[in-house]
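Hi everyone, thanks for coming. Today I'd like to walk you through some side-chain contacts, so let's bring the structure up on the screen.

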Amino acid sequence: MPTVVVMDVSLSMTRPVSVEGSEEYQRKHLAVHGLTMLFEHMATNYKLEFTALVVFSSLWELMVPFTRDYNTLQVVLVTDGCLGIGRGSLRHSLATCNQRNESSRFPLPFPFPSKLYIMCMANLDELQSSDSLDCLERLVDLNNGEGQIFTIDGPLCLKNVQSMFGKLIDLAYTPFHAVLKCGHLTSDVQVFPRPEPFIIDEEIDPIPKAINTDLEIVGFIDIADISSPPVLSRHLVLPIALNKEGDEVGPGITDDTEDENSANQIAGKIPNFCVLLHGSLKVEGMVAIVQLGPEWHGMLYSQADSKKKSNLMMSLFEPGPEPLPWLGKMAQLGPISDAKENPYGEDDNKSPFPLQPKNKRSYAQNVTVWIKPSGLQTDVQKILRNARKLPEKTQTFYKELNRLRKAALAFGFLDLLKGVADMLERECTLLPDTAHPDAAFQLTHAAQQLKAASNGTSEYAAYDHNITPLQTDFSSSSTERI
Amino acid sequence: MKIFSESHKTVFVVDHCPYMAESCRQHVEFDMLVKNRTQGIIPLAPISKSLWTCSVESSMEYCRIMYDIFPFKKLVNFIVSDSGAHILNSWSQEDQNLQELMAALAAVGPPNPRADPECCSILHGLVAAVETLCKITEYQHEARTILMENAEHVGNRGRIICITNAKSDSHVRMLEDCVQETIHEHNKLAANSDHLMQIQKCELVLIHTYPVGEDSLVSDRLKKELSPVLTSEVHSVRAGRHLATKLNVLVQQHFDLASTTITNIPMKEEQHANTSANYDVELLHHKDAHVDFLKSGDNHIGGNSREGTFKETVTLKWCTPRTNSVELHYCTGAYRISPVDVNSRPSSCLTNFLLNGRSVLLEQPRKSGSKVISHMLSSHGGEIFLHVLSSSRSILEDPPSISEGCGGRVTDYRITDFGEFMRENRLTPFLDPRYKIDGSLEIPLERAKDQLEKHTRYWPMIISQTTIFNMQAVVPLASVIVKEALTDEDVLNCQKTIYNLVDMERKNDPLPISTVGTRGKGPKRDEQYRIMWNELETLVRAHISNSDKHQRVLECLLACRSKPPEEEERKKRGRKREEKEDKSEKSGKDYELEKPWQESERLKGVLDREKEELAEAEVIKDSPDSPEPLNKKPLITIDEIPPVEKTKGPMSLLSLWSNRINTANSRKHQEFIGRLNSVNNKAELYQHLKEENGMETTENGKASRQ
């Protein structure tokens, strides 16, 4: 996640630090030294990190801007822990932070998830002698406890500043190295930004889960089938060359020494599985499903920049046995060769996805809702419209009639059944002379059946009973019926 | 939302006593006469719903929305109370759908107004509700089974929604006391039972409903804690649509829902098909779909919804989809939706459009500035989801292109072949459990991994690294040899392929040997065939452990391939290979280990470039002077080891030099068979005896059939 470095440049930062037998340092110099170390680390091992620099004393100034992404952020605050006095000091602000109104809200917690790291150019004793440490701890607490305070161990000197920043780097800026595998095809990769541990369900299993350093491809799926799935985060997967010490060499670093450059060039010429995979995913319009841990999966795909650049990207699904309902349980996905016939069809013209759920949702199953009068009126009108087109519309007429009947029985709305029965009888009397004789028979039959159901006791009121069309036969002789 | 929050279990208790048969006194006109037919006909009198009907249809609407948005893990138990409690369904997922509930309600029917009111009471239902909350759901059971000794971490909370007609505030208090006491009693029972769970938290929502126009005898009360286990709230609501509105508000509160109104949906007019008007449709979904608005404080919440009820909705604009192209959007969440007004024409037009497979992008209405697409509506398998698209600037902006990184300069990757490989290794769901021969459950995903392992045992990544995969003639063999088991027909096809290659060799057909990076004309024809046969053998050998039939293919290959002296050599090597394979079965390290040699040798320019690399590596490996550091090397993928590093490795200048001399010499004369086949300069004597015995005995003692 992007980093904002917030550097204290108030007067107290110019306080000298006594270092034996050398030139005089100010706390500011120590801070600069530490930050240089952090920036150098980022430039070599974490070079895609966006970073901005803000300096402050009683006012503040943005020295280096970077981003307007507020999704997540890390804030590194560098200060000596001299919090000032009077109005506007941290002590005063904290004391009054409950009295603020909405428009001048206390800046913490930030309105986005964030981590606040406070680097103190002072040692613990110094901070504890005043209430500075308490105030700084309040800041981290206000940020929902997300963050940490670092202090210098021992006397203030370059070495101890280095070790303090070293701790920050270990905590927040260690690159994530992994091995991408597809059977025997493998590649060492850096995953950037590094995936953060995830807590699945706070209640049942609150231990944060981290992803494996072995990223194992389990199979492939078409982009149309995976269908823009929701993901927790996405990461670049950068192939890297590792030397024996596990340090990165080759691309992933920009360093203009000649050695490095030639190493880069050589690494560029050695075939790498990531490049092959990326190329084929892009051409075929597919994603690779990758296992990140027990019951945790993600996908690899080609992500094109707006320009000609494109890259191998990995997105993490939510951990669990079934992250995407339309794929079903991940463990139940198997190779197509195990299926009796190819589920994608011989001409690649069909797909086993998406999976259909057992029960349809309300909008896909024509449910009956009569909460608004218009809902009821529409349903009654449908019956009437079909009634006037009998016998052609016999099937739809009975279908609509039965739908209304079922709903009325479930809602205990028997008056409606009586009402509709009356209406059908009236329709019968209004039939024009030209009407087919069957129309009158069907209307009378339907009305009788509804009336029977509205009494609520007879077998006609059974929910599963369907009113079926009256069997009439006008083709031979209509008198036979009487 | 935690999985076992109060929303995991909802019990509806609906009053079925005689007074619920009373009319809600809100009329519904159902006989809407069409204009030109109305002369002389008096429309039928309007009818009105009973309190019971209003209660049931409102609670069904609550369930409809809940099931649409949470089809799993949010469960409803429906209880009807009169002279006793009638429990209409169970916590089982099978029972969780509207059809089941509707059928059960129809069986109960409307309340009987002539029943004796003295023996009817809502209390029966409330007691049954507490009882049912103690019953374990399948999800709770599953979670407890997984956690074993930590089973107590699984929560048991629930909510009782009781719709009744109370007589007074003190009547309401009596109901609350009853629930309180019942919980106390049943928790005692549950403490001593394996099948029941104690109720940790229960939310009682009492809804007093009464006919429109009457005065309420019960006053509203906000949520109040009656005990650490029980909270209670009272809503006094007129029947009819007021009750429905109340339950709609409640379902949103209980399940953390929010509302989005899709605006500007173009729709053909029902009457005038050639005109179209714009419609709005309101959808409900989990409120996390709005998390970006809340986070950025950028609320352009468009006031109240059309109902005029006090409810916020976010308005998003429909963007007519132009193409049907499939794109992978960066989506941070997908939430099931439910239309507020499911049967209205605009709603069903929208849902049908989506169910037919189209996706719709949704835009934030902005007064000025650029267009921001923040959401997408899309259906998957008959379920509609609201996808949240990331509209903030990406932290991955302007990354280096893959062509700038490792392997980025290589231009002859087998992209098309790997595409074919990916299609063969696509996944498909296997819903019915399958069993292995030993009776244990077979996990399809493990089968998929297994297949990938088989298919990649020998898979050169670039065109210039392979001969056989550039030959159409090899395809019939290469496509089946990776299979777990071969049919007799497969074996026959493989044999045919081999005979065909022999034929090609006899006719001296040219082979697609790569000449990349070579000087001169490239290898001679017979050398080309040697390279090809070596590679083919490598491929087949990688699979001989699969089955006897694979072994038969190898035998055929060994019998047919060219030149006796080399055949001897191969056989010998084959045995070594097999031995090695047994040691590191399926690890595939054999193939990886061979690569550093091929790379470093190439760099040093010791060997002829044109030689097929794998074969080359083997020659070097088996040559007397080559040291043995291979297996001592750290098992990292070799591709990434920069060759410059390797010169610092265990290879001395002397060995480099002698390698060079040896290879140069070896080209001038035919190598002694014994030396070629030697291991650490020791050659096995009288090998032919074994073969003459008609048995090809492998060194690990396995005999293969002939």
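**Charged pairs and aromatic rings**

Let's start with A:R388, which makes a salt bridge to A:E427, with 3.3 Å between the closest N and O atoms. This pair links distant parts of the chain, 39 residues apart: A:R388 sits in the loop between α9 and α10 of chain A, while A:E427 belongs to helix α11. Is A:E427 buried or exposed? A:E427 counts as buried because its relative accessibility is 4%. A:R388, on the other hand, is partly exposed, at 29%.

Please keep in mind that what you see is a predicted model.

Now let's move to chain B. There, B:D450 and B:K454 form a salt bridge with a closest N to O distance of 3.1 Å. Both residues lie in helix α10, 4 residues apart, which is about one turn of the helix. B:D450 is partly exposed at 24%, whereas B:K454 is buried at 8%.

Salt bridges can also be found in a network here: A:D338, B:R434, B:E442, B:R447 and B:E484 are linked in this way.

On to the rings. Over all chains, the count is 18 aromatic pairs. Among them, A:F397 and A:Y398 are edge-to-face, with 5.1 Å from centre to centre and 80 degrees between the planes. Both of these residues are buried. Another pair, B:F70 with B:F255, is tilted, at 5.8 Å and 35 degrees. Its partners are 185 residues apart, B:F70 in the loop between α1 and β4 and B:F255 in the loop between α6 and β10 of chain B. B:F70 and B:F255 are buried as well.

Which residues form one aromatic cluster? They are A:F220, A:F273, B:F418, B:F421 and B:W459. B:W459 also has a charged neighbour, as B:R414 lies over its face at 4.1 Å from the ring centre. In chain A, A:K406 lies over the face of A:Y463, at 5.4 Å from the ring centre.

Definitions and conventions
Residues are numbered from 1 along each chain as its sequence is written. Chains are lettered from A and ligands numbered from 1 in the order in which they are written. This is a predicted model: local features need pLDDT of at least 70, side-chain atom pairs count only at pLDDT 80 or more; totals for chains, interfaces and linings use all residues. Side-chain values use heavy atoms; hydrogens and water are left out. A salt bridge is a side-chain nitrogen of Lys or Arg within 4 Å of a carboxyl oxygen of Asp or Glu. Helices (H or I, at least four residues) and strands (E, at least two) are DSSP runs, numbered from the N terminus. Buried means under 20% relative accessible area, exposed over 50%, partly exposed in between (1.4 Å probe, protein chains only). Rings of Phe, Tyr and Trp (its six-membered ring) pair if their centres lie within 6.5 Å; planes under 30 degrees apart count as stacked, over 60 as edge-to-face and the rest as tilted. A charge sits over a ring if NZ of Lys or CZ of Arg is within 6 Å of the ring centre and within 35 degrees of the ring normal.
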